[in-house]
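Please examine the sequence and the model shown below. The paragraphs that follow lead through selected parts of the chain, one after another.

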Amino acid sequence: MSQPTQVPPRPAPPASPEALAEALRATGYLPDEGLTTAAYLALAMHRPLFLEGEAGVGKTALAHALAEVTGRPMYRLQCYEGLEASQALYDWDFGRQLLHLRAAEAAGSGGDTAELEAGLYDRRFLLARPLLQALEDAPSVLLVDEIDRADDEFEAFLLELLSDFTISIPELGTVRAAVPPLVVLTSNRTREVHDALKRRCLYHWLEHPDFEREVAILRSRLPQVTEELARQVARATAKLRSLDLLKPPGIAEAMDWATALHTLGARELDPDTAARTLGAVLKYREDTDRVHALTRGALFG
């Protein structure tokens, strides 16, 4: 007889904000004190954590790091305009239900019709979406990414879920999380999220990192990049953020830029190399044209 698969125990939750900060740094995520405290309280108080800030400041990456630190599975719901509750909760696998019906017919099943119909709504025919998966696979981390892109109707639906962490499935009953998931909601503030949602959450605004912390992030995530190149990329990225760009570069773009420069064999950031690799850090033609029109030596010298 085969032995049952042993599930490795999950790490104990960090006992303090300082312990959480150390664990996050071990994953390569370098938070500041305010973000660490907010994340620790979300874990300890079982409250959703609402993160706002410009794109690329590390909101989504924090959810991944928290899942790694806590040893929890992570489920991500990417929001978009027109997102409906059924796409976030569950759906029925009509293809498998139809095959089940045909198999019953082929077998000449003379059973009760009502019983056969009830069998179509068995759990095995249910397709769990991220919200249901996060409740069933407790404890977990649920990332609701870019909630500001969803419609008001979906935001209102989410309020009910965050209140009691239950989902009602008419054919099967109520699913309740044994342990509330750690919910991380992110917003790039393309629109204002309603106060009712924010009241249910702990809130934190993420800024772009300061110069020294951005250098530390680049060195931690890209150890192959030299110290000097990391410092020059961080300094040039900070200058780009000070311009009136359509999309100021975030940490992710700074990492892409440093990686591109390293791939080209650059040991330092000079104006010519910077100009040739702007596509790694700027994503709009208007922004690229604006930077080319400026004195490149002043920006990247």
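Leu-202 touches Ala-38, Leu-41, Ala-42, Met-45, Arg-47, Pro-48, Leu-49 and Phe-50, where residues up to four places away in sequence are not counted; a contact of this kind means heavy atoms within 4.5 Å. Leu-202 belongs to strand S9 (residues 202-205). Helices (H or I, at least four residues) and strands (E, at least two) are DSSP runs, numbered from the N terminus. Between Leu-202 and Leu-41 there are 161 residues in sequence, yet their C-alpha atoms are 8.1 Å apart in space. Leu-202 counts as buried because its relative accessibility is 17%; buried means under 20% relative accessible area, exposed over 50%, and partly exposed in between (1.4 Å probe, protein chains only).

The model is predicted: local features need pLDDT of at least 70, side-chain atom pairs count only at pLDDT 80 or more, and totals for chains, interfaces and linings use all residues. Residues are numbered from 1 along each chain as its sequence is written, and side-chain values use heavy atoms, with hydrogens and water left out.

For the chain as a whole, the secondary structure comes to 15 helices and nine strands. Of its 301 residues, 45% count as buried. Among contacts in the chain with a separation of 6 or more, 75% are between residues 24 or more positions apart. The accessible surface of the chain is about 15,700 Å², and carbon and sulfur atoms hold 51% of that area; these areas come from the Shrake-Rupley method with a 1.4 Å probe, and for residues only the protein chains shown count as cover.

The buried residues of H3 are Lys-59, Leu-62, Ala-63, Ala-65, Leu-66, Ala-67, Val-69 and Thr-70. An α-helix has 3.6 residues a turn, so residues three or four places apart point the same way. The partners against which the buried residues of H3 pack are helices H1 (17-26) and H2 (33-45), together with strands S1 (49-52), S2 (74-78), S5 (141-145) and S8 (182-187). After H3 comes Gly-71, with a positive phi near 70°.

Helix H12 can be read in a similar manner. The 13 residues of H12 should span 18 Å at 1.5 Å a residue, and its end C-alpha atoms, 18 Å apart, agree with this. Buried in H12 are Ile-251, Glu-253, Ala-254, Met-255, Trp-257, Ala-258 and Leu-261. Ala-252 also lies in H12, but Ala-252 counts as partly exposed because its relative accessibility is 40%. Just after H12, Gly-265 takes a positive phi of about 85°.

How do H11 and H12 meet? The axes of helix H11 (residues 227-241) and helix H12 (residues 251-263) come within 10 Å and cross at roughly 135°; axes are lines fitted to C-alpha atoms, for helices over the stretch in contact, and angles run from 0 to 180 degrees between N-to-C directions. This angle makes H11 oblique to H12, since angles under 35 degrees count as roughly parallel, over 145 as roughly antiparallel, 65 to 115 as roughly perpendicular and the rest as oblique. H11 passes H12 in a right-handed crossing; a crossing is left-handed if the near helix is turned anticlockwise from the far one by less than a right angle, and right-handed if clockwise. On the H11 side the contact is made by Leu-229, Val-233, Ala-236, Thr-237, Leu-240 and Arg-241, and on the H12 side by Ile-251, Ala-254, Trp-257, Ala-258, Leu-261 and His-262.

Some backbone details remain. Most residues other than glycine have a negative phi, and most peptide bonds are trans. A cis peptide bond joins Ala-138 and Pro-139, with omega about -5°, and Pro-139 is found in the loop between helix H7 (130-136) and S5. Glu-146, in the loop between S5 and helix H8 (152-164), is not a glycine but has a positive phi of about 60°. With 18% relative accessibility, Glu-146 counts as buried. Phe-165, placed in the loop between H8 and strand S6 (166-169), likewise has a positive phi, of about 55°, without being a glycine. Phe-165 counts as buried at 10% relative accessibility.

How values were computed: Expected span 1.5 Å × (residues − 1).
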